[in-house]
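I opened this notebook to record what I looked up in the structure, item by item. The sequence and the coordinates come first.

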Protein chains: 2
Amino acid sequence: MLIVKKFGGTSVANKERIFNVARRCIEDYKAGHDVVVVLSAMGDTTDELIELANSINPDAKKRELDMLLTTGEQVSVSLMAMAMQALDVPAVSLNAFQVAMHATSRYGNARFKRVDTKRIRHELDSRKIVIVTGFQGVNKYDDITTLGRGGSDTTAVALAAVLHADKCEIYTDVDGVFTADPRIVKNAKKLDFITYDEMLELASLGAKVLHNRSVEMAKKYNVELVVRSSLNQTEGTVVGEGTGMEKLLVTGVAADKNTARISVIGVEDKPGTAFSVFDTLAANNINVDIILQSVGREGTKDISFTVASDDLEHALEVLDKNKERLTIKDITYNKDVAKLSVVGAGMMSNPGVASRMFEALYNSRVNINMISTSEIRITVLVAEKDIDKAMNAVHDEFIMEE
Amino acid sequence: MLIVKKFGGTSVANKERIFNVARRCIEDYKAGHDVVVVLSAMGDTTDELIELANSINPDAKKRELDMLLTTGEQVSVSLMAMAMQALDVPAVSLNAFQVAMHATSRYGNARFKRVDTKRIRHELDSRKIVIVTGFQGVNKYDDITTLGRGGSDTTAVALAAVLHADKCEIYTDVDGVFTADPRIVKNAKKLDFITYDEMLELASLGAKVLHNRSVEMAKKYNVELVVRSSLNQTEGTVVGEGTGMEKLLVTGVAADKNTARISVIGVEDKPGTAFSVFDTLAANNINVDIILQSVGREGTKDISFTVASDDLEHALEVLDKNKERLTIKDITYNKDVAKLSVVGAGMMSNPGVASRMFEALYNSRVNINMISTSEIRITVLVAEKDIDKAMNAVHDEFIMEE
């Protein structure tokens, strides 16, 4: 069996943890499996390097930032190889260039184009554990690019895909994927299984268990993922292609407080005005989420939408600068809002979910500001102060029922 | 003009120093020159990484150690590029793989085989300052190797050679090459010029100003070096091919306390026994320096020689294990010795240097244990407690005279 195992920065934060991970990998190796390990930078290394870079040049070119940050994973993988060697197991560390993990040139946010297997196969064939730097690739100029935050998950999935791995295990500091954040929802339960699509909705909604692009890639190449804890032997959660039987009505409930609402008031009610507003925002790299349009007075309309809190200031600037062209009379906004989402592949065939959700919120006296839905997701915008109460209410309505 | 400038770890140890170096390079750039900068790892980074590695595995494979250590220079070069960008000068950092600095596979002690110029030329042609990681190369397996301590000097010379640089400046924390260590010899003077051969003798004798192999390479490819301070604008010392006029009788006086004497007593006096002793030591990677053979009693001989202090224990073990085969009756040693050397290209044509040296030492009541000479060097072994006094005496005899 060929197993790809990915460990995040907290799992390799110090000597003891490095040896824990080493022993965990060696178990599989000694059972006769081929083992490929993907590592992130130790502990807070990446943040510390970013701070160091900022102290020298807050507007440093992303190419140089990638050159700097990728040293973090190179440190992790070499130390891990040393740890395994100390335990008398042959191991070799490889960076993105040595593996030949070809990526696009978009520094800080690159994507894999082609990943070679020759070097890794060669090392596996000589019965070594192969330890690969996560988070990084090499572009056509031989320059080093990074995949963005959480990119090590994507590295693991990419390697699992090209190596046709039997397993791709993503180790983290929680036991798996939960029906909701256990720190907020006391009844949250660990899931044994979740579909790619559900996981994608949850990841993009701020569940933060897996890097979104890693799930997309896993789905595309049909790589079955296991999310599990590096701290214990609990089985974890399988992320895979859903079959009929496994489709829960609601798999998970997620909250996202990194949200702000903006309303543009009194926009001329003619074709194309809404488009112009969102086109202008998109041209400034501002992503818009839930959108609500309502008819205003005297042939105008009001448009409300949400953006990430981090983008709020920028979005307001952009809108203000283009106020006249976009025929906006007034702009209002609210930072104290949060998104609450329920996700479940079973929703597709069960139309009643939305009304049950709204009723649960009504019974908890949580007011709904805006609503947005996909085939397997319902998202509502509520006041930020209500979000914990709302999560518990909706979670208990769906998850505890089943 | 194409200028290669190398800065050591202390010159880039913190933000302020990084900007100092950046500004120094930018001066040359703004004067219209092409500038290539070679950097070591910041401050004590390399030592810290070695300590980290030792805490995990004191017997780590050198391949993994090189993988770890080379991150140090990658951090320096990326931060330097950011600093130059902050000063509005286009700059790009390159590691050994990106330049294509091909080296041998001897991890921890590799040598350059071939250095490509294409990428550097391309970046220089687009008017960027090019910042290259010192100390490292890439072998034929795409693995990263290091050149050993002080290897960044060699990187700078190698680049100066292949790029046909007009200047290769080695920046350090002293003003240049001195006639002796100014901390010990109060009359020590900075030299304006020193020949490659003199520098080689001085470097190998522990003057520690330049990496020995960088001087060998500079001589081979006729790269004129300038050793100068990164802290001030003093002119520094030129290291080049000597011409008749420049040949001083004695250029420098150097001491090396990292020395121990070993004597093997009562070895059979037949052909090949001395060879066997030194062959056995060489097979165990122990370098032997000054050798003295004397006739012992009853058809035996005694052989004395010096080794580096760090090698003493190992050498004694090796000799003891092979005592019988090597017909050694007894082994004695002394750690409290030091080497004192005078170096000067002018010695070749001036036979009186040795006797003047011995007389100066005699007048200072310093006893000579062993003597070794080359065409341009005389080395004596003295008691370690006498070395400072001996240095001053010899220095004043030759250098102050001129």
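**Conventions.** I note that this is a predicted model, in which local features need pLDDT of at least 70 and side-chain atom pairs count only at pLDDT 80 or more, while totals for chains, interfaces and linings use all residues. Residues are numbered from 1 along each chain as its sequence is written, chains are lettered from A and ligands numbered from 1 in the order in which they are written, and side-chain values use heavy atoms, with hydrogens and water left out.

**Interface.** I counted a contact where heavy atoms lie within 4.5 Å. On that basis, 40 residues from chain A and 40 residues from chain B take part. The chains bury about 3300 Å² between them, 62% of it on carbon and sulfur atoms; buried area here is the accessible area (1.4 Å probe) that two parts lose on being put together, summed over both. A:I56, A:M82 and A:F97 supply 21% of the area that chain A buries against chain B, more than any other three residues. Of the interface residues of chain A, 100% are also interface residues in chain B, so the copies meet through the same surface.

**Core.** I took a nonpolar core as a set of buried Ala, Val, Leu, Ile, Met, Phe, Trp, Tyr and Cys residues joined through side-chain atoms within 4.5 Å. Buried means under 20% relative accessible area, exposed over 50%, and partly exposed in between (1.4 Å probe, protein chains only). The largest such core has 96 residues, of which A:I120, A:L159, B:V36, B:I120 and B:L159 touch the most other members. Beyond its neighbours within four places in sequence, A:L159 contacts residues including A:V4, A:V36, A:M101 and A:I120.

An unreviewed UniProt entry gives "binding site" for A:T46 and A:E73. They span 28 residues in sequence, yet no two of their C-alpha atoms are more than 8.9 Å apart, so they gather at one spot. UniProt positions follow the numbering used here, feature names are shortened, and annotations may be inferred rather than shown by experiment. I found A:T46 in helix α2 (residues 45-56) of chain A and A:E73 in helix α4 (residues 71-86) of chain A; helices (H or I, at least four residues) and strands (E, at least two) are DSSP runs, numbered from the N terminus. A:T46 is buried at a relative accessible area of 13%, and A:E73 is buried at 2%. Among the contacts of A:T46 are A:E73 and A:R149.

**ACT annotation and strands.** The unreviewed UniProt entry places "domain: ACT" on residues 262-336 and 342-402 of chain A. Strands pair if DSSP finds at least two bridges between them. β16(B) also pairs with strand β18 (residues 377-383) in the antiparallel sense, over seven bridges.
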